[in-house]
Amino acid sequence: FYIIKSGECVVTQTQGGSAALEIATLETSGYFGERSLLKDEPCNATVTAKTDCVLLRLGRAEFDSLLGKNLQQIIDDEIQHRERLARAAQEG
């Protein structure tokens, strides 16, 4: 799980053999990697620094210790929201 302390990142995703599609831009205070952390699923997107970035990294143990299990529902909701945005961008 990564939190962007400063900078800007681009999130891209590929489907089949198609070219990478930009699905989001993340800025300071944005985050990524939550799906892999919470759902034990492989990464489904690529995050690339668009500008110089400073990232904070939390592993599973640190995440659970600092944020607790109640945050999981909030992040699950955010995952669903991002999936809807990604689908809309692909259909778009």
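1. A salt bridge, as the term is used here, is a side-chain nitrogen of Lys or Arg within 4 Å of a carboxyl oxygen of Asp or Glu. With that in hand, welcome to this structure, which is a predicted model. It holds 4 salt bridges, and E34, E78 and R82 are linked in a network of them.

2. Let's walk through that network. R82 and E34 meet through their side chains at 3.5 Å, N to O. R82 lies in helix α3 and E34 in helix α1, so this pair ties together parts that are 48 residues apart in sequence. The other link joins E78 and R82 at 3.2 Å, N to O; both of these residues lie in helix α3, 4 residues apart, about one turn of the helix.

3. R82 is partly exposed at 25%, and E78 is partly exposed at 24%.

4. Do look at R35 and E83 as well: they form a salt bridge whose closest N and O atoms are 2.3 Å apart. R35 lies in helix α1 and E83 in helix α3, so this pair, too, ties together parts that are 48 residues apart in sequence. R35 counts as buried at 19% relative accessibility, while E83 is partly exposed at 26%.

5. Now for the nonpolar side of things. The largest nonpolar core has 7 residues: F1, L37, L38, L58, F63, I75 and I79. Helices α1 (34-39) and α3 (70-91) are the elements that give two or more residues to this core. I75 touches L38 and F63, and also E34, leaving aside residues up to four places away in sequence. A second, separate core of 5 residues includes I4, V11, L26 and F32.

6. Which strands pair with β2? Strand β3 (residues 21-26) pairs with β2 in the antiparallel sense over 5 bridges, and V11 stands opposite A24 in β3. Strand β5 (residues 46-49) also pairs with β2 in the antiparallel sense, over 4 bridges; there V10 stands opposite T48.

7. Finally, the cysteines: the count comes to 0 disulfides. For C9, the nearest cysteine sulfur is that of C53, 3.7 Å away. For C43, the nearest is that of C9, 14 Å away. C9 is buried, with a relative accessible area of 3%, whereas C43 is exposed at 67%.

Notes: Residues numbered from 1 in each chain as written. Predicted model: local features only at pLDDT ≥ 70, side-chain atom pairs only at ≥ 80, totals over all residues. Heavy atoms only, no water. Pairing = 2+ DSSP bridges. Disulfide = S-S within 2.5 Å. Buried < 20%, exposed > 50% of the residue type's maximum accessible area, 1.4 Å probe, protein only. Core = buried A, V, L, I, M, F, W, Y, C linked by side-chain atoms within 4.5 Å. Contact = heavy atoms within 4.5 Å.
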